[in-house]
Amino acid sequence: MAPPHVPASAGDLTPELLGTSEWSDQLVAAAGIPMYDIPFLTVGGGMGSFVTLDYLRIYGVPASQMRVVSNIDTPWQTYEFLTRCSQIPRSERIRSDSASRPDNIWGFPSYALQETWTDKTPAYLWQLLTEPLLNDYWTPRAGTVFQSLEREAKRIDYWDMLVKGQVRMVRRRAGGGYFTVVTPPEGSAPTKRVIFRSRFVHIAIGYPGLKFLPDLQEFRTKHGDYQHVVNAYEPHEQVYEFLKTRPGTVVIRGGGIVASRVLQRLFDDREKFRLQTQIVHIFRTFVTGSHGPHVWARRKGGDGWAYQGFNYPKSVWGGQLKAQMRKLEGAERAAKYKEMGGTNTPYCRRWQEQMRAGRSGGYYHPVQGTVDRVERGSDGRLVSYVRSSDGIVREPVADYIIDCTGLEADIAEHRIYDDLLRHGGAYRNPVGRLEVERHFEVKGTASGDGVLYASGSATLGGYFPGVDTFLGLQIAAQEIADDLARRGFVRRMGPFRSTSQWFKWAFNSPV
Ligand SMILES: Cc1cc2nc3c(=O)[nH]c(=O)nc-3n(C[C@H](O)[C@H](O)[C@H](O)COP(=O)(O)OP(=O)(O)OC[C@H]3O[C@@H](n4cnc5c(N)ncnc54)[C@H](O)[C@@H]3O)c2cc1C
């Protein structure tokens, strides 16, 4: 109970605050919300926040000058959850390459060197030297990435900077900088909200939400069935457990890396437990061969899939495409994204072999088509009405449907972005996400001498394409650190500091 002299709403957002786009210190004080000053604040606490803090700590910013507000305990928690659901547990290998090290800003030594050393397996180096011609691309185990992140997080005092809580909004401050409104965990603070007043704010809150295929969402809502129609990014172990108890059929939707991982799990279980699982794989776009606009930029494909080693062509990271992209605006930029885009997955010899066996053994059935609707059959199983491009309608019946298509909902579905678009001056880029500068400042949100930055998937469509990858988050972090150096918040890092910091990293010494 609030004391009698304090209004019941004290410590919470008032209608006046909610309706005002730029807040004064007095307005916040009048609401009775406790306020803390911190020069740099990052919101999210996932991989994007972590790599940004890592850069800034290595550049020389003390931990006492920065805070990270997050609803998770470790920077890899959400990433680990999503990879585990999509069939990449700690022991399996992730997609990105050996030098994409979110725990090491220099990328050296690479994960391949590290795993060669720890596993005493020189074969990894052979694979690295002969990829992708004689071997698949070498990629690190998820567990290696998490262990390395934990080591680096301790080294940079990550947990001294962590503030647990849910960020509600970031509003501009009259006179410069921003207010970040946080809802702390229940019982941890005397008021419902606390506010951080900062000159610099960085937002990296990952994916705004899960996106379901409309027909599947309709089925789930209509039947209240969240067990048999699942998204690959949510826990769905019940599917694999059911199939161990009796023969069953699974429909897979989607042709990206997650579909290939789920398929591999079904094939592996079939082999391991001698199961009778039948798999119907529905591709909306069925790729039959190499494709692409130019002879020199064609993507390989076949059997329904488009193949590409990594999410983006290599020149995005430092080549021609990176330079070209930095100059494009509006429709031209959107067109370039379209050209590069499209669902794809790496070619992997093991599951190619499994798919071949599945096709010839009559238990893997790839089909092209658009699903009109999903209904429950008279026996309670799931009937998909699939219309192929030649007009034929098929009706595969299944026990489970796994949607491997979408993770990314519209940015406005996240409250923070919605508020930024309404009150913060932010606006959308040519592909509908948040428009950011080349140095990842959110355009339209400047506030006096303060700057608001963003990185990660919400900024896809900007001057740099690979934003939602470890390396992309690191490139963004470096741009942000350099911009902060230009603004006098930290000194630029020259070759001497970089070298001495690398030795500190190598010997696991404090920054
Ligand atoms: C299955 C999968 C596999 C991937 N594999 C690779 C790969 O192999 N290589 C690669 O380079 N990239 C990969 N990526 C892409 C990308 O690198 C990761 O998704 C990365 O985790 C993105 O970092 P982030 O900080 O943007 O988001 P996240 O790591 O998801 O962190 C954002 C955090 O913000 C928190 N948050 C959200 N809202 C609030 C709020 N209001 N208040 C407080 N906290 C909030 C969330 O809880 C979340 O933990 C993969 C992505 C997925 C989904």
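This is a predicted model: local features need pLDDT of at least 70, side-chain atom pairs count only at pLDDT 80 or more; totals for chains, interfaces and linings use all residues.
Trainee: How far does helix 11 reach from its first C-alpha to its last?
Mentor: Helix 11 covers residues 257-273, which is 17 residues, and reaches 24 Å. That is close to the 24 Å expected at 1.5 Å a residue.

Trainee: Which residues of helix 11 are buried?
Mentor: The buried residues are Ile 257, Val 258, Ala 259, Ser 260, Arg 261, Val 262, Leu 263, Leu 266, Phe 267 and Arg 270.

Trainee: And what covers them?
Mentor: The cover over the buried residues of helix 11 includes strand 11, strand 12, helix 14 (349-360) and strand 20 (400-403).

Trainee: Strand 11 has come up now. How many of its residues are buried?
Mentor: Five of the five residues in strand 11 (residues 249-253) are buried. Both faces are covered, with Thr 249, Val 251 and Arg 253 on one side and Val 250 and Ile 252 on the other.

Trainee: Do strand 11 and strand 12 run parallel or antiparallel?
Mentor: They run parallel, and five bridges join strand 11 to strand 12 (residues 278-283). In one of these pairings, Val 251 has Val 280 of strand 12 as its bridge partner.

Trainee: What holds paired strands together in general?
Mentor: Strands of a sheet pair through backbone hydrogen bonds, in either a parallel or an antiparallel sense.

Trainee: Where is there an antiparallel pair here?
Mentor: Strand 7 (residues 178-183) and strand 8 (residues 194-198) pair in that sense, over five bridges. Within that pair, Val 182 stands opposite Val 194 of strand 8.

Trainee: In what order do the strands of the five-stranded open sheet come?
Mentor: The order is 1-6-7-8-2, and the pairing is mixed. Strand 1 (22-23) and strand 2 (35-37) stand at the edges with a single partner strand each, so one side of each is left without a neighbour in the sheet.

Trainee: Let us change topic to the ligand. How many residues surround it?
Mentor: There are 33 residues around the ligand, and the closest are Gly 46, Gly 48, Ser 96, Gly 206 and Gly 456. The shell divides into 14 nonpolar, 17 polar and two charged residues.

Trainee: Which elements supply at least two residues of that shell?
Mentor: They are strand 3 (40-44), helix 3 (47-59), strand 4 (66-70), helix 4 (77-85), strand 6 (166-173) and helix 16 (470-486). Helix 4 gives the most, with four residues.

Trainee: What do the buried residues of helix 4 pack against?
Mentor: They pack against helix 3 and helix 7 (142-155). The buried residues in question are Tyr 79, Glu 80, Thr 83 and Cys 85. Just after helix 4, Gln 87 takes a positive phi of about 70 degrees.

Trainee: Which residues of helix 7 are buried?
Mentor: Ala 142, Thr 144, Val 145, Leu 149, Glu 152 and Ala 153 are buried in helix 7. Seen down the helix axis, the buried residues fall within an arc of 160 degrees, so they line one face of helix 7. Their cover includes helix 3, helix 4, helix 5 (111-119) and helix 8 (158-161).

Trainee: What span should helix 7 have?
Mentor: With 14 residues at 1.5 Å a residue, helix 7 should span 20 Å, and its end C-alpha atoms are 20 Å apart, which agrees. Just after helix 7, Asp 157 takes a positive phi of about 60 degrees.

Trainee: Now the prolines. Is the peptide bond from Phe 108 to Pro 109 cis or trans?
Mentor: That bond is cis, with omega near -5 degrees. Pro 109 lies in the loop between helix 4 and helix 5. The bond from Glu 131 to Pro 132 is cis as well, with omega near -10 degrees. Pro 132 is placed in the loop between helix 6 (123-130) and helix 7.

Trainee: One last point. Where is Asp 303 found?
Mentor: Asp 303 is in the loop between strand 13 (300-302) and strand 14 (305-307). Its phi is positive, about 60 degrees, although Asp 303 is not a glycine.

Trainee: Is Asn 508 buried or exposed?
Mentor: Asn 508 is exposed, with 10 other C-beta atoms within 10 Å. Asn 508 lies in the segment after helix 17 (495-506), and has a positive phi of about 55 degrees.

Terms used: Residues are numbered from 1 along each chain as its sequence is written. A residue is near a molecule or strand if its C-beta atom, placed from the backbone, lies within 6 Å of it. Ala, Val, Leu, Ile, Met, Phe, Trp, Tyr, Cys and Pro count as nonpolar, Asp, Glu, Lys and Arg as charged, and the others, Gly among them, as polar. A residue is buried if 20 or more other C-beta atoms lie within 10 Å of its own, exposed if 12 or fewer, and partly exposed in between; C-beta atoms are placed from the backbone. Two residues are in contact if their C-beta atoms, placed from the backbone, lie within 7 Å. The expected span of a helix is 1.5 Å times one less than its number of residues. The arc is that of the directions from the helix axis to the C-beta atoms. Two strands pair if DSSP finds at least two bridges between them.
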